[in-house]
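Welcome! Please take a moment with the view below before reading on.

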Amino acid sequence: MKELLILAVVTFFTLLTYYLVEPFAHSQMHKHVESEGFAYKDIPAITKKGDATRGADLVAANCTGCHGIQKAGMPAPMDPVTSAQSFGVNPPDLSNAGSVFAPKFIASLIKNPAKTLMVEHKFDPAKGKVHPMSAYAAYDANGNVDKEQTDQDTADMVAYLQSIAPKQEELTPVMAFETACGRCHAIHYEYMKDGKLHPAWTQIGEKPSFKKKQDELAFEQKVLDYQDALKKYMGTLPPDLSMYIRSRGEHYIKTFVENPQNYLKGTAMPRVGVTAESADKVIEHLEDVGDSKRHERETVGRYVMIYIIIFAIFAILWKKEVWRDLH
Amino acid sequence: MAHFTKATSLHDWLNQRLAIDTLRRVLATEYWIPKNINFLWAMGMILAITFGLLLVSGIFLLMYYQPNVNLAFDSVNYTIMQEVGYGWLWRHIHGVAASVVFLIIYIHMFTGIYYGSYKNGREMIWISGMLLFVAFSAEAFSGYMLPWGQMSYWAGMVITNLFSGGSLHADGLVEWIRGDYVPGQAFLNRFFMLHVLLIPLAILALIGLHFGSLRIPHVNNQDGEEIDFDAEAKKYLAGDKAGSKVIRFANDFLAKDMMVVGIFLILFFYLVFYHYDFAMDPVNFDPANGLKTPAHIYPEWYFLWSYEILRPFSTDVGLIAFAFAQVIFFLLPFLDRSPNAVPASRRGLFKVWFWALLIDMIILTAMGKVPPEGMFSTIGLYAALTFIGLWIVLPIITKFERKV
């Protein structure tokens, strides 16, 4: 009985210390941000019914000057490096946009990029700084903005992007990552998935394997040129995300992506506008890279726990046997 | 030269050459331990097992770790964690054991303080134990440098800065320790050497000393009873096992040790597989960057109480208080003036002193981690002053303690 009391005292002080230095201390050091579930409450819903066929023409006329759409056979007008040097960042290929980003986010983005991306502090027209993506608006015969028509056009464009985008079940974690994060963030770790080694990711695409040193150096040169343009655009080089799943964790990454201003007021990182499903996929990709052995950890953990519990039972039985004569 | 006869068995052959029967008797079957002990007396065995886990996992990690500022981070987080088969397992065992070993060390220390196991001939047990504490602290700190993450770098920066001695401005000493103006390649190399060779050697030697120091005064018991070990051992050997106050180290004591070890390992492996973040700080999964100071720099939990004794004061006073905290535990056997080697519960004011010290150190630990602002600084300051005060009054209250 006395031993149980001692155990209770030891356990109490251990747990108290743990509580104070872990949950309590972290609650004092880091602001807690609740996720809104990627609802983007400040962005109005799409009110018009979109027509994908009309949207195709609108996209061809308004978007493909800067954006490629590989899926529709439209390559990007410029290579990533030239693009970044012209715009600051390479405009994304729109093939997967319709399933990675929330539809109302895309519609809002087309109409007002700086506001939707939450980078108005960086692109203030009053200070002569405009977002590289120009806002879309439809005009009536008198040259005034036709709000109804603008809403209809953006709904049509979104409908088109959704019609060409892969379905949720076809969108892989790596596709979600590349579309949502990959133009600014590199992942310099290769990773194993489904028995295959996947290459590292640079801001200009997967790092190929090279036969000749010259080709490798030429590629690295391009990456560096791209990063220089990106640094100028963002103010600093966005971090490599290889170990972010361990250094930041799922909750932080999700709430950060949902609204970067939550944690870093005035950051140059835009709100990306991913859907909740895509955010899960991005997390899964970061786990595939930075915590690739998590499934093995669970399996091995189970077996070790079973083994060690059996060990403890035998140890208790042995003690009882040895001590029978001692009492 | 000794006389050797033709061996009748392998046992006999070995016995003639190594005296294994005598060794077994001296180290195990007739190494007498008091019967009147509780599970807190198994902490030594848990520490030995945890040290074994650290040693074995460390050897596996050493096969892939690269002590180079450009490679270290990725050799740990990519090569070991993702590429090498079960590398993640060894790293998690190593990281969690490094943290848990300090929890057990603190329990072991407070057990010793509570039961008065540092006096009346047991002073060297305490002192060798404190030397082990210092060696383990150095081992933990040097190991923390090796992944070369943000916390490695900045903890290395802050802790080595302490050696400048505040107003003494011994910057030359700091540079000498670092081998550079800031932590860099030379720094990483020397801490690697310390972590994998010099300090482990010192720990092994100190463990030998610690075990040896137990031999003559024997292990204490939970009532502080003075036992005539020879007489009780005779009683045991004569067959009165139940009546004897002593038991064999093996298998009697060992069986109880292993029971406690078994239960401990359930907790340990639960932490390794399901709850490892407390021992592997997320901040250290960002690679070291000398141009980007983390928002909060704090040591691992087991150093927080002494860190908090440093923090609330001005630089020079803080350093003196910090130095005081580092050495004062060594002096415990001499600051405790009472002849009573019995549990604190029977020692009047010392009982209050014991619980006050424990709670004060937990408060210091908590305040050492949170940002030093507002109320936290005030609490930290008072807790640090209380710590110093407790050690100053110790000789006085124990001097007037009644003999039990």
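## A predicted model

Please keep in mind that this is a predicted model.

## Where chains A and B meet

Let's begin with the contact between the chains, which takes 42 residues from chain A and 44 residues from chain B. On the side of chain B that touches chain A, four helices each supply at least two residues: α4 (72-83), α5 (87-114), α11 (249-274) and α15 (349-369). The largest share comes from α11(B), with 15 residues.

What is this side of chain B made of, by class? It has 31 nonpolar residues, together with seven polar and six charged ones.

## Helix α7 of chain B

Next, have a look at α7 of chain B, a helix of 12 residues running over positions 150-161. From its first C-alpha to its last it reaches 16 Å, close to the 16 Å expected at 1.5 Å a residue.

Several residues of α7(B) are buried, among them B:Gln150, B:Tyr153, B:Trp154 and B:Thr160. The cover over the buried residues of α7(B) includes α6 (123-145), α8 (171-178) and α9 (185-215) of chain B.

## A stop at B:Glu401

Our last stop, B:Glu401, sits in the segment after α16 (374-399) of chain B. Why does B:Glu401 count as partly exposed? Because it has 16 C-beta neighbours inside 10 Å, a number between the 12 or fewer of an exposed residue and the 20 or more of a buried one.

Leaving aside neighbours within four places in sequence, B:Glu401 is in contact with B:Ser338, B:Asn340, B:Arg347, B:Gly348, B:Leu349 and B:Phe350. B:Leu349 is 52 residues away from B:Glu401 in sequence, yet their C-alpha atoms are 7.7 Å apart in space.

Conventions. Residues numbered from 1 in each chain as written. Chains lettered and ligands numbered in written order. Predicted model: local features only at pLDDT ≥ 70, side-chain atom pairs only at ≥ 80, totals over all residues. Contact = placed C-beta atoms within 7 Å. Nonpolar A, V, L, I, M, F, W, Y, C, P; charged D, E, K, R; others polar. Expected span 1.5 Å × (residues − 1).
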